[in-house]
Amino acid sequence: MTFRVQEFSTEYLDVGGSPDVQIIGIWGMGGIGKTTLARAVCSNYQQSFSCQCYLEDVRSKKKKMVSLQEQLLRDILKQPDIKVSSVAEGTKEIKKRLGSMKVLVVVDDIDDADQLDELAIEHESFGPGSRIIITTRDEHVLNIQKVDKKYKAQAMTEKEGLKLLSWYAFGNDYPNKEYNELARDMVDYCGGLPLALKVVGRLLATKKSKTIWESTLDKLRNIPDGKIHEMLKLSYDGLLDDHVKGVFLDISCFFIGLGIGFVTSILDSCSRFSVEAEITTLCDRCLLYIGEKRELRMHDLIRDMGREIVRAESPVELEKRSRLWHSEDAKSVLRNESVSTFAIKRCYVKYM
Ligand SMILES: Nc1ncnc2c1ncn2[C@@H]1O[C@H](COP(=O)(O)OP(=O)(O)OP(=O)(O)O)[C@@H](O)[C@H]1O
Ligand SMILES: [Mg+2]
């Protein structure tokens, strides 16, 4: 990582170099490490800018543009009570108030160039020497005039991948001797994708047998290139019992971002077992992690893998799925009088 941060910083970020405002895009497939790189750059260059702002998960917060605008204004101006009444007002305020400050702003995970317009991401909005980093899975989003440079996030080299896999599988920087070759093949079949290497490494950490490594490798070999969901699903398939699988699906469908205490109390009341041990197992497997505010967090590709498992239970008939996480889906099934048998265990319904 240190090498990548340095490469990105000298060749693209040009900290302390040009006094112009520079807008730099990082693009690459999901799980390749764009967010990790952007966060590392922020923590390395904190001192070089008067203020920083990290706007995370912009794609999934499309409907919360006003709160992203408020965060940008609050973090840069260091005024925690700034309020914005509409997207148009937010855009205007950003253009008007940040123009003299040397800032480092990250706009993480966009999927539409309009999000940049709404956030007033343009050279004139920020002070001399400012750097704006944008990350996206879709290179086309960066094909706009205001993006000065584009950096393609690279898959891990064999050496880096081997180190990461070994760390999660063996707790070491290198594989146990007898697993050397298997581990190299594993890195190759995971396509150097750090997210897959982490999850597969953790899956195999518990399997102290070469036969299991070989059979996992066989499964990986049959997954077409780039099908990261299927790689990640190996970890779900390897969960020991249906209860922990159910807890994983519940969290991926309903509970991401909510406090661990709150979620535990809901899930405990729905089951004969306590879910605490299951949550620990999911964290050990790198399928889940706990955020700074003790909230449940999951990488969005892992969340999508969970939701895809539920969707595949019945691609067309919603009532035959075990979980419905869109309120509109749940309402349409509940209103449909012709439906008499339901497989639904849990659904989310929003009352207005
Ligand atoms: N250089 C690295 N060393 C160790 N772990 C890494 C590295 N890069 C990424 N990871 C891990 O891989 C996972 C995926 O990385 P990250 O979230 O940065 O991907 P991304 O490209 O932002 O994906 P998405 O497009 O879904 O947002 C994370 O769990 C992260 O911890
Ligand atoms: Mg990301």
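This section describes the ligand site, the nonpolar cores and a few individual residues of a predicted model. Residues are numbered from 1 along each chain as its sequence is written, and chains are lettered from A and ligands numbered from 1 in the order in which they are written. Local features need pLDDT of at least 70 and side-chain atom pairs count only at pLDDT 80 or more, while totals for chains, interfaces and linings use all residues; side-chain values use heavy atoms, with hydrogens and water left out.

Ligand 1 is surrounded by 18 residues (a residue counts if one of its heavy atoms lies within 4 Å of the ligand). The closest of them are Gly31, Lys34, Thr35, Thr36 and Arg137. By class, the shell consists of 8 nonpolar, 6 polar and 4 charged residues; here Ala, Val, Leu, Ile, Met, Phe, Trp, Tyr, Cys and Pro count as nonpolar, Asp, Glu, Lys and Arg as charged, and the others, Gly among them, as polar. Polar contacts are pairs of N or O atoms within 3.5 Å; within protein, one must be able to donate a hydrogen and the other to accept it, and residues adjacent in sequence count only if both atoms are side-chain atoms. Thr36 places a polar side-chain atom 2.6 Å from an oxygen atom of ligand 1, and for Thr35 the corresponding distance from a polar side-chain atom to a ligand oxygen atom is 2.7 Å. From Gly33, a backbone N or O atom lies 3.0 Å from an oxygen atom of the ligand. Taken alone, ligand 1 exposes 640 Å², of which the protein buries 83% (Shrake-Rupley method with a 1.4 Å probe; for residues, only the protein chains shown count as cover). Helix H2 (34-44), helix H8 (194-205) and helix H14 (300-313) are the elements that give two or more residues to the shell. Helices (H or I, at least four residues) and strands (E, at least two) are DSSP runs, numbered from the N terminus.

Within H2, the residues Lys34, Leu37, Ala38, Ala40, Val41 and Cys42 are buried, where buried means under 20% relative accessible area, exposed over 50%, and partly exposed in between (1.4 Å probe, protein chains only). The buried residues of H2 pack against helix H1 (2-13) and against strands E1 (22-27), E2 (51-55), E3 (103-110), E4 (131-136) and E5 (149-152), with contact taken as heavy atoms within 4.5 Å.

The largest nonpolar core has 75 residues, of which Phe8, Trp213, Phe248, Ile251, Leu282 and Ile302 touch the most other members. A nonpolar core is a set of buried Ala, Val, Leu, Ile, Met, Phe, Trp, Tyr and Cys residues joined through side-chain atoms within 4.5 Å. Helix H11 (residues 242-255) gives the most to this core, with 8 residues. Apart from it lies another core of 32 residues, among them Cys53, Ile82, Val107 and Ile132.

Ile251 touches Ile256, Ile279, Leu282, Leu288, Leu296 and Met298. Ile279, in helix H13 (residues 276-284), counts as buried because its relative accessibility is 4%. Ile279 and Phe248 are 31 residues apart along the chain, with their C-alpha atoms separated by 8.1 Å. Thr264, found in helix H12 (residues 260-269), is also buried, at 13% relative accessibility, and is in contact with Val275 and Ile279.

Leu73 is located in helix H3 and is buried, with a relative accessible area of 0%. Leu73 touches Lys78, Ile82, Val84, Glu93, Ile94 and Leu98. The C-alpha atoms of Leu73 and Leu98 are separated by 7.8 Å, although the two residues are 25 residues apart along the chain. Glu93 belongs to helix H4 (residues 87-97) and counts as buried at 16% relative accessibility. From C-alpha to C-alpha, Glu93 and Ala120 are 9.0 Å apart in space and 27 residues apart in sequence.

Most residues other than glycine have a negative phi. Ala120, in the loop between helix H5 (113-118) and E4, has a positive phi near 55° and is buried at 0% relative accessibility. Asp57 also has a positive phi, near 50°. Asp57 lies in the loop between E2 and helix H3 (65-77) and is partly exposed, with a relative accessible area of 27%.

Note on methods:
Lists of a residue's contacts leave out its neighbours within four places in sequence.
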